[in-house]
Number of protein chains: 2
Amino acid sequence: MPPEIAWHRLAGPVACVDVGGTKVAVAVADRQGVRAQRTEATAKSGTPMALAEQIQSLVDGCAHEAGLAPDGLLRVGVSSCGPFVLSQGLIELAAPNICGGLAGPARGLPNNWMSAPIEAPLRQRYRAVRVENDGIAALEAERRWGALRTQGAQGRALSHCAYVTWSTGIGVGLCVDGHVLRGKNGNAGHAGHMYVTSHGDALCGCGNVGDLEALVAGNAVARRFGAEGFTDAESLFAQARAGNVRALAIVDELAVTMGRMLYNITASLDLERISVGGSVFWHQRDLLLPRLQAELARHLPPLTRGCEVVAAGLGPQVGDYAALALVMD
Amino acid sequence: MPPEIAWHRLAGPVACVDVGGTKVAVAVADRQGVRAQRTEATAKSGTPMALAEQIQSLVDGCAHEAGLAPDGLLRVGVSSCGPFVLSQGLIELAAPNICGGLAGPARGLPNNWMSAPIEAPLRQRYRAVRVENDGIAALEAERRWGALRTQGAQGRALSHCAYVTWSTGIGVGLCVDGHVLRGKNGNAGHAGHMYVTSHGDALCGCGNVGDLEALVAGNAVARRFGAEGFTDAESLFAQARAGNVRALAIVDELAVTMGRMLYNITASLDLERISVGGSVFWHQRDLLLPRLQAELARHLPPLTRGCEVVAAGLGPQVGDYAALALVMD
């Protein structure tokens, strides 16, 4: 169910860039639709400029394939994993799964970068550049084409809402009073690193012990429950479906823990709807969605009544539309 | 250290109303300063309109004392405890400590109100009315006169910040990207009802079991630790200062628990400064502030570096200036 993209409303050719911990994906589109796409493994060696150079090379390659000069691109939208830092007001990536200088030698990354510039080099080359963390970009996609809209052909984006990715990690994008929240360094939405319980032993990729992502993200299952024979999220859910009582109890715990975060952002931000996607959630949404809804409803009715939890309208494709949402009018 | 109020910048006479669970305080001010003040115990009997009628009577009384007709008031600002509900887009109070219909008979309130209208009746009587929850109003005061500004005579309000009241309850006001967050019913900032740990047995006034307010608010000390001889926050802190090891351990736990909420909102909203006030915090700030700062710094440096925790610039007077901040230009 790909959404109908109003390509004809693009004022000119655009590039959409998705930067993740394992791959960088680029597409160039114009009023006729997507014209070229390229994907590479994320650059992690060389100078700290290597990532920006890779993005430029992929964008220029796609532009060339589409018969365009790089300066023919009207806009470049970048949806990137975070966190970010600002250097002279421009966004650099400071993600411990890419920058070896942040991660430390134990992680074995082939670089010692403390950050990787993105916005400054892209602004030198392209006319207009917008960089957002991938939680914000996914939120923009769900507000434009997905579940964070009012119904019908004249639907409009909701004013008070969140998009939550439940995948290898936990990402969030937030909108309050019609304003998409960015924060001082563009890092608003890192609610996956909240503390919601006292379960103390799980280590998160970010270095936190016992935060939400450490407890419920896809890669947490093996770490927390591998010794009990649940080697990944898929096998855990398969055994829960087969009636394994312990597996079902773990699924309940994961949903309650994630549900607490949904409650926390609802109480803090007075939201009207939360859309949930991501690979862990999407494949198990029949089990997980009612549990998340029940956990939210269990708390403080004046704050949670009137806030729905729904499955992502763009389904497993939210990420594919995230960068595109940044360059649409 | 009352702030310098630029009374001469008021375009005309205003009324400031503070609605709490125990009292309603009203002041009328004009370009010469405060002209009249009145306080009464919060109306809790009669029809659901009793509270609005009380506010009107206090405002009109103050206006009369200042030699003004009620329609001579340019603006009325109301800082009220929450939560709120909207009726036809206008704010009504739905606080379980005032509305007996919400609290249930166990609470013993002398009314069965499900909500108490505020905004609609005040708008019928006065020219311009602004109602905000008290967390938001206190934030506005701290951004205008307190610690949530850049330094110096040309100081400006910070764009990414929070004000946290640590008192009988826990209240929060939030600002991101220069935008004060309100939410669908004006309830943004109820982060005091977040879940941050698994401590399971403490009951909050809101009905939640084990939320932040249930664990650390002033009235939680007797409930949680009364059996150990700590009958209120004051005696707990006095014994910690006298070297009681158990009391000090409890103080540490309270600060870590509150610090987790500060971390959670920082990670979620990418803040640059958090100002903390309220009676529990203010009297113990020498003990509590360094502990809160340490707890924030312990987590995820890319998100917490660059976010300061400071004591309220308006000190114990934040609440006194909250409603005034709503009617200043």
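Modeller: A salt bridge here is a side-chain nitrogen of Lys or Arg within 4 Å of a carboxyl oxygen of Asp or Glu. Please bear in mind that this is a predicted model.

Colleague: How many salt bridges does the rule find across the interface of chain A and chain B?

Modeller: The rule finds two across that interface. In one salt bridge, the side chains of Lys184(A) and Asp270(B) meet at 3.0 Å, N to O.

Colleague: Which elements of chain A give two or more residues to the side that touches chain B?

Modeller: They are strand 10 (170-176), strand 11 (179-180), helix 8 (245-269) and helix 11 (301-304) of chain A. Helix 8 of chain A gives the most, with six residues. By type, the residues of that side of chain A divide into 19 nonpolar, 17 polar and seven charged.

Colleague: What area is buried between the two chains?

Modeller: About 3600 Å² is buried between chain A and chain B, and carbon and sulfur atoms give 55% of that. In chain A, the residues that lose the most area to chain B are Lys184(A), Tyr195(A) and Asp270(A), together 20% of what that side buries. As for contacts, 43 residues of chain A touch 43 residues of chain B.

Colleague: Is Thr266(B) buried or exposed?

Modeller: Thr266(B) has a relative accessible area of 0%, so this residue is buried, the cut-off being under 20%. Thr266(B) lies in helix 8 of chain B. Residues that Thr266(B) touches, not counting those up to four places away in sequence, include Ile274(B), Leu296(B) and Cys307(B).

Colleague: Why is helix 12 of chain A described as largely enclosed by the rest of the structure?

Modeller: Helix 12 of chain A (residues 318-327) is described so because eight of its ten residues are buried. Among them are Val318(A), Tyr321(A) and Leu324(A).

Colleague: What do those buried residues of helix 12 pack against?

Modeller: They pack against strand 1 (14-19), strand 4 (75-80), strand 8 (129-133), helix 4 (134-145) and strand 9 (161-166) of chain A.

Note on methods. Residues numbered from 1 in each chain as written. Chains lettered and ligands numbered in written order. Predicted model: local features only at pLDDT ≥ 70, side-chain atom pairs only at ≥ 80, totals over all residues. Heavy atoms only, no water. Contact = heavy atoms within 4.5 Å. Buried area = accessible area lost by both parts, 1.4 Å probe. Helix = DSSP H or I, 4+ residues; strand = E, 2+ residues; numbered from the N terminus. Nonpolar A, V, L, I, M, F, W, Y, C, P; charged D, E, K, R; others polar. Buried < 20%, exposed > 50% of the residue type's maximum accessible area, 1.4 Å probe, protein only.
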